Each structure stands twice: as C-alpha cells, then as structure tokens.
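This report looks at the strands, the nonpolar core and the aromatic pairs of a single model. Please keep the sequence and the structure at hand while reading.

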Amino acid sequence: MSRKNLAAAVAAFLLCASHASAQDTGGKISLELNRASASSEGGCQVVFFGQNGLDQALEDVTWRLAVFDAEGVFRNLLALPLGSLSAGKRRVVQYNLPSPCSELSEIIVNDVAQCKIAGGAAGDANDVCLTELTVTSRADIAFGL
C-alpha cells in the first residue's frame with residue numbers, strides 16, 4: 001500500500017471513529033466509572049470519564065455521588081465537578097477515596113449539585129443533567145443512578 005493510500009485509509013478510519021464516538025452518546029450526557037485502583041495511600045483511586053452528547057454546551061456541571069461499602073452501607077458523599085463541557089466535549093477526572101477498592105461495592109449519582117446550560121440561568125437545567133444522564137462502569141465497583 002502506498003503512503004498516499006495509507007494516509008487516506010488512516011484519515012477515513014479516524015473520521016469514522018470520531019463520528020461513531022459522537023453518536024455513542026445518543027444526545028445524552030454520559031458518565032463512566034472508568035477505573036478503580038489502589039492508591040499509594042492505601043485508598044481507592046477512581047477515574048470518571050464524562051462526555052456531553054447534547055447539542056448545547058454546559059457551562060458548569062457537578063453531580064453528587066454516594067459511595068457504599070462492600071455490605072451496601074452508605075460510606076460518604078462526594079462532589080464530581082466536570083466544569084464546562086461544550087457539545088461533544090469529553091473530560092476525565094480522578095479522586096482518591098480513603099477506603100480500599102475492595103471495601104467498596106457501589107457508587108450512585110445521588111443528585112445534581114450544579115447544572116447550567118450555556119446562556120441559561122444557574123439551576124434551570126438540573127433536570128436535564130439527570131434525565132439525560134447515562135452511566136456505565138468498567139470497574140469492579142457498580143455505578144448507577
């Protein structure tokens with residue numbers, strides 16, 4: 001395969017991949033618990049991946065998450081701020097939780113702390129940031145609504 005053909009094939013692949021990635025959100029806001037691993041302090045480092053699949057930019061978005069231990073007993077609350085997310089924007093955030101990952105069973109989106117759509121008033125979009133939210137987990141810890 002010539003360099004020209006190879007470059008064209010790579011460009012086509014990247015275009016298709018980016019188009020598929022944008023479609024995966026299906027007009028939703030997606031939030032994924034991407035990884036949970038032991039931190040150097042003996043706790044659990046969790047990594048979240050968020051993407052705004054809406055047609056509108058989010059000026060500020062923060063969710064309140066509830067963390068449960070291995071027996072399903074509430075452990076603590078944390079705020080998950082993703083900040084501003086333009087349409088199609090992706091962001092990764094990480095937290096160090098004080099408990100070892102093996103002692104955690106589930107994290108749920110408890111509430112919306114802040115959700116502002118670009119050009120709108122603060123708090124006007126709280127329903128959008130919850131009703132249009134989809135969550136998934138790639139970690140051994142469950143993640144839900």
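Rings of Phe, Tyr and Trp (its six-membered ring) are taken to pair if their centres lie within 6.5 Å, and planes under 30 degrees apart count as stacked, over 60 as edge-to-face and the rest as tilted. By this rule the count comes to 2 aromatic pairs. In one of them, the rings of Phe68 and Phe74 have centres 6.2 Å apart and planes at 75°, so this pair is edge-to-face.

The model is predicted, with local features requiring a pLDDT of at least 70 and side-chain atom pairs counting only at pLDDT 80 or more, while totals for chains, interfaces and linings use all residues. Residues are numbered from 1 along each chain as its sequence is written, and side-chain values use heavy atoms, with hydrogens and water left out. The pLDDT, which is the predictor's confidence in each residue from 0 to 100, averages 82 over the protein, and 77% of the residues score at least 70. Over residues 1-23 the pLDDT stays under 50, and for this stretch the model has 4 contacts beyond four places in sequence, a contact meaning heavy atoms within 4.5 Å. Where pLDDT is low, the predicted coordinates should not be read in detail.

**Burial of selected residues**

Buried means under 20% relative accessible area, exposed over 50%, and partly exposed in between (1.4 Å probe, protein chains only).

| Residue | Relative accessibility | Class |
|---|---|---|
| Phe68 | 17% | buried |
| Phe74 | 45% | partly exposed |
| Thr62 | 11% | buried |

Thr62 has its place in strand 3, and, not counting residues up to four places away in sequence, Thr62 touches Ala79, Leu80, Pro81, Val112, Ala113 and Gln114.

**The open sheet**

Strands here are DSSP runs (E, at least two residues) and helices are runs of H or I (at least four residues), numbered from the N terminus; two strands pair if DSSP finds at least two bridges between them. An open sheet with mixed pairing is formed by 4 strands in the order 5-2-1-7. Its edge strands, each pairing on one side only, are strand 5 (90-97) and strand 7 (133-137).

Strand 1 (residues 29-38) pairs with strand 2 (residues 44-52) in the antiparallel sense over 9 bridges, and the two form a hairpin with 5 residues between them, where Gly42 in the turn has a positive phi of about 95°. Ala38 has Cys44 of strand 2 as its bridge partner, and Leu31 stands opposite Gly50 in strand 2. Gly50 in turn stands opposite Arg91 in strand 5, and strands 2 and 5 pair in the antiparallel sense over 8 bridges. Strand 2 is largely enclosed by the rest of the structure, because 8 of its 9 residues are buried.

**The nonpolar core**

A nonpolar core is a set of buried Ala, Val, Leu, Ile, Met, Phe, Trp, Tyr and Cys residues joined through side-chain atoms within 4.5 Å. The largest one has 31 residues, of which Leu31, Phe48, Leu58, Trp63, Leu65, Ile107 and Phe143 touch the most other members. Among the elements that give two or more residues to this core are strand 3 (58-69), strand 4 (74-85) and strand 6 (104-117), and strand 6 gives the most, with 6 residues. Leaving aside neighbours within four places in sequence, Leu31 is in contact with residues including Phe48, Trp63, Leu80, Val109, Leu133 and Phe143.
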